[in-house]
Amino acid sequence: MQQKPIILDAPVPQRRGLTTEALQAEILEKLTYFIGKDPIVARPHDWLKATIYAVRDRIIDQWMESSRDTWRTSLKRVYYLSLEFLIGRLMRDAMSNIGLMEPMQDALKSLGVELGDLLSLEPDAALGNGGLGRLAACFLESMSSLKIPAYGYGIRYVHGLFRQEMSEGWQVELPEEWLAHGNPWEFERRESAYEVGFGGHVEPVTDPDGTIRQEWRPNDHVLAVAFDTPIVGWRGARVNTLRLWSAQPIDPILLDKFNSGDHIGALEESSRAEAITRVLYPADSTAAGQELRLRQEFFFSSASLQDIVRRHLQQYGDMGSLPDKVAIHLNDTHPAISICELMRILVDDNGLKWADAWKLSRGVFGYTNHTLLPEALETWPVALLERLLPRHMQIIYQINADVLTEARVRAKFTDGQIANVSLIDEAGGRRVRMGQLAFVGSHSINGVSALHTELMKKTVFSDLHKLYPDRINNKTNGITPRRWLMQCNPGLTKLVIDRIGPGFLDDIELLKGLDAHADDPSFQGQFAAVKMANKQRLTQLIKDRLGIVVSPDAMFDVQIKRIHEYKRQLLNIIQAVAAYDEIRAHPEREWVPRVKIFAGKAAPGYWNAKLIIKLINDVARVINNDPAVRGLLKVVFLPNYNVSLAEVIVPAADLSEQISTAGMEASGTGNMKFMANGAITIGTMDGANVEMHKEVGADNIVIFGLSTDEVNERRAKSEVPRSSIDNSSRLKEALGSISSGVFSPDDPNRYRDLIGALYDHDWFMVARDFDAYVEAQAQVDAIWTDKRKWNAMAIRNTANVGFFSSDRTIRQYAAEIWGVTVPA
């Protein structure tokens with residue numbers, strides 16, 4: 001069927017009234033005719049949805065114009081594929097970016113409704129886990145702010161990761177219900193629905209001209225249905241699209257089974273399809289879990305590629321211009337199967353020669369690596385791929401043959417090097433290496449901090465780097481200053497405007513102007529007052545959620561991030577136990593009051609991470625209730641860490657804990673958020689901490705611990721860390737208290753194995769970095785007691801955060817990877 005021509009000059013209805021009366025009328029219209037509620041009986045959630053609809057209408061105007069402009073100008077589009085998009089709440093973000101915050105607040109107040117009450121009701125979109133998803137969300141917002149035509153592609157998870165609750169200090173995973181009452185930001189696109197196949201077999205087919213091609217004939221199909229969310233840029237510069245795929249069955253009910261009495265079996269196909277988009281990162285400890293994860297990744301990759309190719313052919317008519325008009329970016333290895341799917345579409349569906357298709361495919365793909373951890377670089381059993389995606393496994397074999405031939409013939413690689421670059425890991429069971437596939441199938445491979453990028457070249461991709469030495473490059477991560485300074489810390493934003501003017505709102509590098517005011521006692525006092533107000537807000541949240549009373553006058557010492565052994569929450573809590581011992585042993589000393597604040601989720605199958613959460617809660621229970629401590633030390637674990645909780649914690653932090661084992665954190669973005677909000681970092685020379693040290697200066701950050709080279713040296717020697725423990729009385733006593741059951745009298749052996757591992761191998765250098773960490777914390781205490789010095793350091797952190805804006809990062813991606821021009 002011939003498609004209708006696209007009309008690019010049709011009028012777009014405009015809604016521009018910003019008066020209180022105009023906004024009030026729009027909200028009431030939505031409340032009455034969209035929600036179906038009389039204002040007299042409307043509940044807060046009704047007002048929230050009506051307000052979102054009113055805000056959304058204004059975004060839609062620019063959304064349509066942005067799309068039409070891309071079609072008119074034939075600008076290159078960026079497609080960002082990510083299994084996670086941790087976008088958080090959208091209403092405040094949208095209102096702030098289009099200048100609606102104050103007018104909307106006034107309009108709602110005239111209706112007897114407080115905007116702040118509504119903002120706290122909006123659910124967080126449960127579309128991610130941590131830094132990977134939050135980075136993707138920042139990048140989408142920056143692409144809109146910089147007027148880059150872009151789509152984000154991901155999965156519309158019904159339940160997301162999980163909602164974290166605590167039961168006697170243990171993490172409990174419950175389903176996240178963010179879609180229970182609908183999502184007013186999204187638009188279902190029925191016309192953008194694609195069949196995605198699984199299983200079946202591959203048959204050679206002879207075309208009329210005698211050409212033999214491969215045809216995949218799946219025996220299982222699901223429907224990928226698009227749901228679009230508008231992502232608005234700063235000052236409404238552009239509105240891009242986050243397109244999320246929902247899996248639906250081809251036949252929602254098998255009526256023959258239902259009518260024969262098999263009512264459950266009749267819904268089997270529906271359940272199997274919907275399982276694909278139900279939960280983020282289903283546990284892969286079973287064969288069924290592994291298969292579901294692979295189904296997820298192929299499902300959203302295939303739907304996205306079909307959508308991209310459809311749009312390109314609709315506008316340009318042929319595939320030859322694909323690299324000139326399309327940039328596809330893979331956010332980690334999860335979408336790496338997209339490379340095979342595009343090759344299948346080009347070769348099997350569109351009849352391109354293999355060499356021509358490979359040139360086009362490699363020209364459009366870029367790949368960001370986020371980890372050097374072997375377990376995080378995905379691999380899949382060959383047998384699973386051969387059964388679930390037989391044609392794609394054939395394509396992987398053909399790509400691999402070309403790569404290995406090139407490595408042997410051109411680069412003269414040895415057998416060992418051949419094994420390292422192969423897409424198939426032959427050791428310990430044949431598995432497909434998705435990191436290698438992403439590398440060889442992309443024209444650009446970037447790390448996310450300078451240190452991480454150099455380590456990629458030396459470790460996980462060393463031989464691939466030798467084979468393709470021009471592909472690896474660095475793009476240090478960034479955060480959007482709109483959400484992570486202007487929106488989450490309006491008090492600090494106003495203070496900075498009053499002091500250096502509003503120019504930094506549009507060019508975050510202008511924050512450097514604060515440097516000149518860092519030693520001004522008057523400005524220090526104002527800066528400290530803003531911090532105190534933020535701490536008081538967090539103090540109230542801690543009391544409301546946990547019933548724990550903390551003092552805002554204490555130092556707020558914060559570590560909020562995914563719970564993982566390399567991030568070393570264990571080091572932090574052991575130091576808290578050591579401090580607890582010293583406070584009780586020396587009550588006569590002048591102790592700096594501290595509140596240690598933790599938050600983060602552990603993967604459901606990661607036992608040690610869940611045990612560390614339990615340890616933190618056990619230690620908190622003892623310390624917080626011991627009168628001998630006199631309130632000088634409190635420990636708090638805030639459950640269900642998400643974007644909205646971070647937006648309260650980050651502005652209130654005094655000290656930012658970035659203490660990962662050197663060489664193991666790719667970048668980190670939490671460190672940048674804390675820096676923007678005037679927290680001082682205590683950290684190792686790992687990830688983006690290295691660049692933070694450079695930007696803020698050695699005098700304004702507290703660095704400790706082994707370097708990456710020193711960590712590798714100790715691991716290579718396989719030296720037993722027992723001597724490090726025996727030579728540190730503080731560490732030995734703290735570990736003894738934990739392992740003997742002082743903090744777990746109900747189960748004295750609970751932490752025996754966790755602590756025993758520090759004696760046996762200490763892979764994450766907790767014991768060997770402990771004394772240096774304690775000394776660094778003593779340095780922090782000394783700075784805290786000199787308020788002028790502390791405030792000056794905090795101000796200089798905010799002043800020098802400009803480099804870590806995601807706008808800078810995206811400009812680099814656009815110029816150096818995507819080949820996209822950023823409008824002036």
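## Two loop residues with positive phi

Asn 640 lies in the loop that runs between strand E19 (633–637) and helix H24 (643–652). The model is predicted. In it, Asn 640 has a positive phi of about 55°, although this residue is not a glycine. Most residues other than glycine have a negative phi. The relative accessible area of Asn 640 is 16%, so the residue counts as buried, the cut-off being under 20%.

Ser 74 also has a positive phi, of about 55°, and is not a glycine. Its place is the loop between helix H2 (44–73) and strand E1 (77–81). Is Ser 74 buried or partly exposed? With a relative accessible area of 24%, Ser 74 is partly exposed.

## Helix H22 against helix H29

Helix H22 spans residues 569–585, and helix H29 spans residues 729–740. The two pack at an angle of about 105°. Their axes are 9 Å apart. Angles of 65 to 115 degrees count as roughly perpendicular, and H22 and H29 are therefore roughly perpendicular to each other.

Which residues of H22 meet H29? They are Ile 574, Val 577, Ala 578, Asp 581 and Glu 582. On the H29 side, the contact is made by Arg 730, Leu 731, Glu 733, Ala 734, Leu 735, Ser 737 and Ile 738. By class, the residues of this contact divide into seven nonpolar, one polar and four charged.

## Helix H21 against helix H32

Helix H21 (residues 521–546) packs with helix H32 (residues 787–799) at an angle of about 75°. Here the axes are 10 Å apart. H21 and H32 are therefore roughly perpendicular to each other.

From H21, the contact takes Pro 521, Phe 523, Gln 524, Phe 527 and Ala 528. These meet Lys 787, Arg 788, Asn 791, Ala 792, Ala 794, Ile 795 and Thr 798 in H32. How many residues of each class does the contact of H21 with H32 have? There are seven nonpolar, three polar and two charged residues.

Three strands form an open sheet. Their order is E12-E14-E13, and the pairing is antiparallel. Strand E12 (379–381) and strand E13 (424–425) are the edge strands, each pairing on one side only.

E13 pairs with strand E14 (residues 431–433) over two bridges, in the antiparallel sense. Asp 425 has Arg 431 in E14 as its bridge partner. Helix H9 (residues 287–316) packs on the sheet and touches E12 and E14. The direction of H9 makes about 120° with that of E12.

## Cysteines without a disulfide

The disulfide count is zero. A disulfide needs the two sulfur atoms within 2.5 Å.

Cys 488 is likewise in no disulfide, and the nearest cysteine sulfur to it is that of Cys 138, 11 Å away. Cys 138 has 1% relative accessibility, so it counts as buried. Cys 488, at 2% relative accessibility, counts as buried too.

Conventions. Residues are numbered from 1 along each chain as its sequence is written. This is a predicted model: local features need pLDDT of at least 70, side-chain atom pairs count only at pLDDT 80 or more; totals for chains, interfaces and linings use all residues. Side-chain values use heavy atoms; hydrogens and water are left out. Axes are lines fitted to C-alpha atoms, for helices over the stretch in contact, and angles run from 0 to 180 degrees between N-to-C directions. Helices (H or I, at least four residues) and strands (E, at least two) are DSSP runs, numbered from the N terminus. Angles under 35 degrees count as roughly parallel, over 145 as roughly antiparallel, 65 to 115 as roughly perpendicular and the rest as oblique. Contact means heavy atoms within 4.5 Å. Ala, Val, Leu, Ile, Met, Phe, Trp, Tyr, Cys and Pro count as nonpolar, Asp, Glu, Lys and Arg as charged, and the others, Gly among them, as polar. Two strands pair if DSSP finds at least two bridges between them. Buried means under 20% relative accessible area, exposed over 50%, partly exposed in between (1.4 Å probe, protein chains only).
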